[in-house]
Amino acid sequence: MAAVLAGFVVIGAALPVLPLHVNQDLGFGTFVVGLVAGAQFAASVATRIWSGSYSDAHGGKRSVVLGLIAAAVAGLLYLLSTAFAPSPLLSITVLLMGRAVLGGAESFIITGGVSWGLAMVDSSHAGKVIAWVGTAMFVALAFGGPLGTMLFTSHGFTAIGLVTTFLPLLVLLFLLRAPNPPLQFARKKSAFGSVIGAVWLPGLGAALSSIGYCAILAFGSLLYANHGWQPIWLAFTAFGAALIAARMMFGHLPDKFGGARTALVFVLVQSAGLILMGLAQTSRMASAGAMLAGLGYSLVYPGLGIEAVRGTSPENRGLAMGIYTVFLDVAMAIGSPSLGWIADRNGLSMVFLVSAGVTFCTLAAALHLAYGSHRAR
């Protein structure tokens with residue numbers, strides 16, 4: 001959890017200010033904002049399965065270490081992009097490269113972190129591991145938002161590049177002596193097809209629910225800036241704070257009542273929160289909606305993640321989580337520019353109403369997993 005927390009601070013620092021940098025400093029529209037935000041997730045699609053297989057073969061700790069090194073490289077590309085700021089097209093090209101490298105880093109850090117945790121417990125606590133490691137990620141993102149905004153306001157995007165470069169290297173020094181559980185299994189080469197069969201339906205549900213997360217991630221700060229609401233990072237911090245509190249208090253529910261049944265309830269809360277954001281006329285109303293969305297999303301992702309992990313053998317848990325999160329990455333990679341296109345034509349409020357409708361469709365996948373006739377009891 002500590003390794004993921006530190007690794008994701010650098011990701012969180014850029015989240016609220018990246019749209020402002022692309023829009024205000026470089027002069028590009030909301031479609032390009034969505035494209036830059038989605039580049040990280042598109043790169044994660046290409047590396048997620050690799051990171052899962054790597055974690056199964058070499059251990060979660062080594063995966064996290066590799067991810068931290070890649071994050072530092074992304075920071076160097078951020079710095080290079082600021083040097084080309086007078087030439088916006090060249091600057092945005094280098095920035096897209098940095099976002100792509102950071103997508104690979106994120107993939108190895110979170111997949112390795114979950115695999116590292118799962119290697120330390122039995123399967124009856126898988127839900128807690130997925131929820132708590134994810135909580136560490138969102139703590140970092142919630143903390144990174146105010147930190148990134150403060151740095152960006154004081155020193156511009158160069159400060160974000162410096163933090164992204166040096167913080168992962170500092171964390172890496174402390175991780176070198178951390179224990180790495182010995183590998184107990186040799187993954188079967190023929191397991192990929194069976195893992196896909198177990199993971200695709202939970203993954204589809206996670207992808208649909210993650211569109212709501214995508215909307216807040218990429219366009220929450222722009223919604224606040226468009227209305228003149230301050231601070232601009234409040235939507236994502238409210239989302240993250242509610243998610244963190246819910247996972248700490250209710251993280252045991254998927255293990256106790258079943259992941260799909262838990263997701264059934266919480267996806268309704270998430271959809272309601274997104275609708276509230278889309279209809280908001282005040283910052284308080286928008287922040288309340290973000291909190292509801294965070295509360296709902298808090299147990300949708302780990303709840304469906306349990307369904308993915310429990311359908312696979314222990315030696316393939318890293319691969320299962322890698323494939324599972326590919327669905328999220330695809331949703332984010334497609335969702336960010338698609339929602340940007342909607343914002344260009346219908347306004348930012350419509351982004352959250354559309355994402356609420358897409359998120360609600362998760363209900364179908366959760367119902368089938370919870371009550372489908374094929375389900376092994």
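Residues are numbered from 1 along each chain as its sequence is written, and side-chain values use heavy atoms, with hydrogens and water left out. Because the model is predicted, local features need pLDDT of at least 70 and side-chain atom pairs count only at pLDDT 80 or more, while totals for chains, interfaces and linings use all residues.

Rolling a probe the size of a water molecule over the atoms shows where empty space is left. Here the search runs on a 1 Å grid over the protein atoms alone, and a cavity is a set of points where a 1.4 Å probe fits but cannot get out. Grid points are joined across faces, edges and corners, and a volume is the space filled by probe spheres set on the points. Over the whole structure, three cavities of 30 Å³ or more are found. The largest cavity holds about 290 Å³ of space. Its lining (residues with an atom within 4 Å of a point) consists of 24 residues, and those nearest the centre are Phe8, Glu106, Ile110, Met137 and Leu328.

Which helices supply at least two residues each to the lining of the largest cavity? They are H1 (2-14), H3 (30-58), H5 (88-118), H6 (126-155), H8 (191-227), H12 (283-310) and H13 (317-346). Helices here are DSSP runs (H or I, at least four residues; strands are E, at least two), numbered from the N terminus. H6 gives the most to this lining, with five residues. By class, the lining of the largest cavity has 16 nonpolar, four polar and four charged residues. In this count Ala, Val, Leu, Ile, Met, Phe, Trp, Tyr, Cys and Pro are nonpolar, Asp, Glu, Lys and Arg are charged, and the others, Gly among them, are polar.

A pocket, in contrast to a cavity, is an open set with protein on both sides within 12 Å along at least five of seven lines. The second largest pocket has a volume of about 270 Å³. It is lined by 15 residues, and Met1, Gly113, Gly117, Met120 and Val133 are the closest to its centre. H1, H5 and H6 are the elements that give two or more residues to this lining. H6 again gives the most, here with four residues. The lining of the second largest pocket divides into 11 nonpolar, three polar and one charged residues.

Next comes helix H15. Its buried residues (under 20% relative accessible area; exposed is over 50% and partly exposed in between, with a 1.4 Å probe and protein chains only) are Thr362, Leu363, Ala365, Ala366, Leu369 and Ala370, in a helix that spans residues 362-371. These residues lie on the same side of H15, because they cover an arc of only 165° around the axis. The arc is that of the directions from the helix axis to the C-beta atoms.

Cysteine 214 is buried, with a relative accessible area of 1%, whereas cysteine 361 is partly exposed at 42%.

The structure holds nine aromatic pairs. Rings of Phe, Tyr and Trp (its six-membered ring) pair if their centres lie within 6.5 Å; planes under 30 degrees apart count as stacked, over 60 as edge-to-face and the rest as tilted. Phenylalanine 236 and phenylalanine 239 are stacked, 6.1 Å centre to centre with 25° between the planes. Both lie in helix H9 (residues 234-250), three residues apart, about one turn of the helix. Phenylalanine 236 is buried at 9% relative accessible area, and phenylalanine 239 is buried at 0%. The pair of tyrosine 301 and tyrosine 324 is tilted, since the ring centres are 5.1 Å apart and the planes are at 35°. Tyrosine 301 is in helix H12 and tyrosine 324 in helix H13, so this pair ties together parts that are 23 residues apart in sequence.

Most residues other than glycine have a negative phi, and most peptide bonds are trans. The bond from glutamine 230 to proline 231 is cis, with omega near -5°. Proline 231 lies in the loop between H8 and H9.
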